[in-house]
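Please look over the sequence and the structure before reading on.

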Amino acid sequence: RDGETGLLVDFPAQPAALAAAIQRLIDAPEVYRRMRRAAFDFARSQFDWQRIGERVAGLITGSLEQRG
C-alpha cells in the first residue's frame, strides 16, 4: 500500500529513492504519523491470533483434502 501504509522503494537498486523517501517523511511529520497509524491498523487487522489460526487451519485442511 504505497503511500498509505508506507513508501515502497527499489532498494538496493535505487538507494537515492530510499533517501528521498526517508527525507519525505522527515519533511512531513504529519504524513509519517498518518502512515504509521495506517500501517499499525493494517497489521492488527491482518495478523491477529484469530486470523492467523484461521489461516493455519485452512492450510492444514487444504493439505489433508489434497492427500485424500
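Relative accessible area sorts residues into buried (under 20%), exposed (over 50%) and partly exposed (in between), using a 1.4 Å probe and protein chains only. The model is predicted: local features need pLDDT of at least 70, side-chain atom pairs count only at pLDDT 80 or more, and totals for chains, interfaces and linings use all residues. Residues are numbered from 1 along each chain as its sequence is written, and side-chain values use heavy atoms, with hydrogens and water left out.

**Salt bridges**
- Side chains of opposite charge can pair when their charged atoms come close.
- A salt bridge here is a side-chain nitrogen of Lys or Arg within 4 Å of a carboxyl oxygen of Asp or Glu, and the count by this rule is two.
- Arginine 1 and glutamate 4 form a salt bridge, at 4.0 Å from N to O.
- Arginine 1 is exposed at 52% relative accessibility, whereas glutamate 4 is partly exposed at 41%.
- Arginine 37 pairs with aspartate 41, with 3.0 Å between the closest N and O atoms.
- Both residues of the pair arginine 37 and aspartate 41 sit in helix H2 (residues 29-46), four residues apart, or about one turn; helices are DSSP runs (H or I, at least four residues), numbered from the N terminus.
- Aspartate 41 is partly exposed, at 39%, and arginine 37 is also partly exposed, at 48%.

**Arginine 24**
- Arginine 24 belongs to helix H1 (residues 15-27) and is partly exposed, at 41%.
- Beyond its neighbours within four places in sequence, arginine 24 contacts Leu7, Val31 and Met35, where contact means heavy atoms within 4.5 Å.
- Leucine 7 lies 17 residues from arginine 24 along the chain, with 9.6 Å between their C-alpha atoms.

Technical notes:
Helices (H or I, at least four residues) and strands (E, at least two) are DSSP runs, numbered from the N terminus.
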